[in-house]
Each structure stands twice: as C-alpha cells, then as structure tokens.
Amino acid sequence: MLTPQFWRDVFARFFPGILISGLIAISAQFVSEHYGAPSMLMALLFGIALNFLSQEGRCKAGIAFSARTILRFGVALLGMRISFDMAADLGWGIVALVVGGVIATILFGMAIARVFGHGPRFAFLSAGSVAICGASAAMAISAILPKDERTEERLVFTVVGVTLLSTIAMIVYPILADLMGLNSQFAGIFIGATIHDVAQVVGAGFSISEETGDVATVVKLIRVAMLAPIILVASIVIRRYVINGQADERPAIVPGFVVAFVALVALNSFELIPANIIAIAVELSRWALLTAIAAVGLKTSLKDVIDVGGAAIALLVVETMFIGVLTVGGLYWLG
C-alpha cells in the first residue's frame, strides 16, 4: 500500500542523487549560455569531477535513477519535435538519402569496428550516435544494450567524442558547403544529414542563412525520427542474442520509451497536441537529457574513459567521415 511513509522513504532515497544531477545540469547550462561551451559536454565533465558521490552514500540511488529512468523519459519526449509532414515537405528522394545514410553508417560502423579492436557493443553505440543524433542517440542506445563492467565508460567516451566532433563540424561544414558550391537548400541538407547533435546543426545551418537553417533542422529531425525503428530492430536482435546465452541480460522486445516516442510522433503528426504543450515538452526533454548525462558523468571515472583508447577516437572520426562523404555523393547524384 502506498502510504505517506512509503513516499517519504522514496523521497529520502532518490532525491539527493536527482538533486545533485539537476544542479550539475543547471551549472552546465549556465556555462553554455554565458561562454558558448556545449552543455552536454559540460554536464559530463562536471559529473566526472564529482564521481565520488556515486560510489556510495545518499546520492547513489538517485544518480542511478537519473542515468536510467530520467534518460528514457527525455528520449521519449523527443517525439514531440517530429511529424510526418517534415518528410513530405523535403521530397522523398532527400528522405531516402537521409534514411539510407543513417542505415549505411550504422552498418559501416558495425563492419569496420573490429579493425579498430572494438566489439559490437561499442560499434553500435558509436555508429548509432554518429548516424542518428549524437549524444541523445548514444544515451538511448546505451539504455537497450546488455550491460557489462564497461557500459558507462563507453557511453561517456562516445558522448564526449560526438559532441567534440559536432562542435568542430559546426565550424568547418559551412565553409565546406561554400567551397563545394552548394545552394542554400543543399547546404542545409548536407549539414542536417551529417552533423551529430541538433544544437550544432542549428548553429551551423543558421550561420549560412535562415533557409539553410530551416532545411538543416528538418533534415536533422528526420534523422532523430530514425531513433525509434533502429532501437526497435536492435532490441529484437539483442533479445535473440541474449536468448542464445551470449549476453548477461534480456531486454524487452519493445522498450517502453520507444513506444512513447512513436506515440508522441503520431500525435504530433495529426496535430493533436497544442503548440504550447509541445514547447514545454521539448524544453523538458532537453533538461531531462542534460540531467541524465550529468548522472552518467557522476557514475564514470575519468581513468576509465581514458582507457577506452585512441582507436575509439579513430573509429568515431572514420564513421563521421563516412556519413559526410556518402551524403555529398548523394547530393551530387540528385543534382
């Protein structure tokens, strides 16, 4: 029975860890707004600096809750940003290029990871984050991967890597688009289809023109929409892999947060959600993901992240180059 004492016990158990994760998220956002640093990266670094809080004591349970449950809540709310009309407005040729680029990049990453000395878990995590939506995709994919002793360090390394690469791309890709002679629309498609994180896509696109920024944002959100089907397929494959006795836990066939994501996309597509609710949900999603990544940082030792090694950096760079070259080739083919 859910008595007042039960809720007091729940509050006492989880609140300290959630509070420290939230305070780190607020600090990271402050630094981002005043000094231009990526908020996700700042939240990670601040969290890592306070890693001792997650080892034991009052904060441990709340930090774990933030890194898992609040993360999934934030990913589900991303569905509010997407509608079916986005695809129709671009044209199906462009949609096919964007979707094909996501799938090809993931398959490429899975195929080439062994060359860099990494197994399928890091391969899927890194390739999925590069192909779909950077840090948000990395956190969503990590949530469905079977856990082991290196789960947290792989996630932190991937988030740091794709955030840094996105920041570099935000500066370099508008210059490349100009050198390649891309018009405003094609420049927007190039930027939206290749840069990892949504914030950097917006920054790069609108640095060229308003039209380019609008196109880049729509293309990027189509990539974000790929999160649900990719995770669904991956969950089925992982479940079969687990059933064969080769992994240590058995995920649900369809994770609940993926169902919520798809449902919100559908509701938004049929314009059943008021605009003010969408605006609140989008902001809430951003803060939930920022709080979750702060918690992931809190659970991670800097030494563990460094131990991932230079080969992991090289893999992320190669995957980033692959989706870039593939997109440029597709744009020239389309004309």
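The model is a predicted one. It contains two salt bridges, and among its helix contacts are those of helix H9 with helix H16 and of helix H1 with helix H3.

**Salt bridges**

- Glu152 and Lys299 form a salt bridge in which the closest N and O atoms are 3.2 Å apart.
- This pair joins distant parts of the chain, since the two residues are 147 residues apart: Glu152 belongs to helix H8 (residues 151-179), and Lys299 to the loop between helix H14 (275-298) and helix H15 (302-306).
- Glu152 is partly exposed, at a relative accessible area of 22%, and Lys299 is likewise partly exposed, at 32%.
- Glu283 forms a salt bridge with Arg286, with 2.5 Å between the closest N and O atoms.
- Glu283 and Arg286 are three residues apart in helix H14, which means that about one helical turn separates them.
- An α-helix has 3.6 residues a turn, so residues three or four places apart point the same way.
- Glu283 counts as partly exposed at 36% relative accessibility, as does Arg286 at 31%.

**Packing of helix H9 against helix H16**

- The axes of helix H9 (residues 184-194) and helix H16 (residues 310-334) come within 9 Å and cross at roughly 150°.
- H9 and H16 are therefore roughly antiparallel to each other, and their crossing is right-handed.
- On the H9 side the contact involves Phe186, Ile189, Phe190, Ala193 and Thr194, which meet Ile323, Gly324, Thr327, Val328 and Leu331 of H16.
- The residues of this contact comprise seven nonpolar, three polar and no charged.

**Packing of helix H1 against helix H3**

- Helix H1 (residues 4-35) packs on helix H3 (residues 60-77) at an angle of about 65°, and the two axes are 6 Å apart.
- This angle makes H1 roughly perpendicular to H3.
- The crossing of H1 and H3 is right-handed.
- H1 contributes Arg13, Phe14, Gly17, Ile18, Ile20 and Ser21 to the contact, whereas H3 contributes Ala61, Gly62, Ile63, Phe65, Ser66 and Ile70.
- By class, the residues of the contact of H1 with H3 are seven nonpolar, four polar and one charged.

- H9 is mostly covered, with nine of its 11 residues buried.
- The buried residues of H9 are Phe186, Ala187, Gly188, Ile189, Phe190, Ile191, Gly192, Ala193 and Thr194.
- The elements covering these buried residues of H9 include helix H5 (92-112), H8, helix H10 (198-208), helix H11 (210-225) and H16.
- Helix H2 (residues 39-49) is also mostly covered, with eight of its 11 residues buried.
- In H2, the buried residues are Ser39, Met40, Leu41, Met42, Ala43, Leu44, Gly47 and Ile48.

- Ile70 lies in helix H3 and counts as buried at 16% relative accessibility.
- Apart from neighbours within four places in sequence, Ile70 is in contact with Ile18, Phe65, Ala288, Thr291 and Ala292.
- Ile70 and Val160 are 90 residues apart in sequence, and their C-alpha atoms are 20 Å apart in space.
- Ala76 is found in helix H3 and is buried, with a relative accessible area of 7%.
- Leaving out neighbours within four places in sequence, Ala76 is in contact with Phe257, Ala260, Phe261 and Leu264.
- Ala76 and Ala228 are 152 residues apart in sequence, and the C-alpha to C-alpha separation is 9.4 Å.

- Most residues other than glycine have a negative phi.
- Glu271 has a positive phi of about 55° although it is not a glycine.
- Glu271 is located in the loop between helix H13 (256-269) and H14.
- At 66% relative accessibility, Glu271 counts as exposed.

Technical notes
Residues are numbered from 1 along each chain as its sequence is written. This is a predicted model: local features need pLDDT of at least 70, side-chain atom pairs count only at pLDDT 80 or more; totals for chains, interfaces and linings use all residues. Side-chain values use heavy atoms; hydrogens and water are left out. A salt bridge is a side-chain nitrogen of Lys or Arg within 4 Å of a carboxyl oxygen of Asp or Glu. Helices (H or I, at least four residues) and strands (E, at least two) are DSSP runs, numbered from the N terminus. Buried means under 20% relative accessible area, exposed over 50%, partly exposed in between (1.4 Å probe, protein chains only). Axes are lines fitted to C-alpha atoms, for helices over the stretch in contact, and angles run from 0 to 180 degrees between N-to-C directions. Angles under 35 degrees count as roughly parallel, over 145 as roughly antiparallel, 65 to 115 as roughly perpendicular and the rest as oblique. A crossing is left-handed if the near helix is turned anticlockwise from the far one by less than a right angle, and right-handed if clockwise. Contact means heavy atoms within 4.5 Å. Ala, Val, Leu, Ile, Met, Phe, Trp, Tyr, Cys and Pro count as nonpolar, Asp, Glu, Lys and Arg as charged, and the others, Gly among them, as polar.
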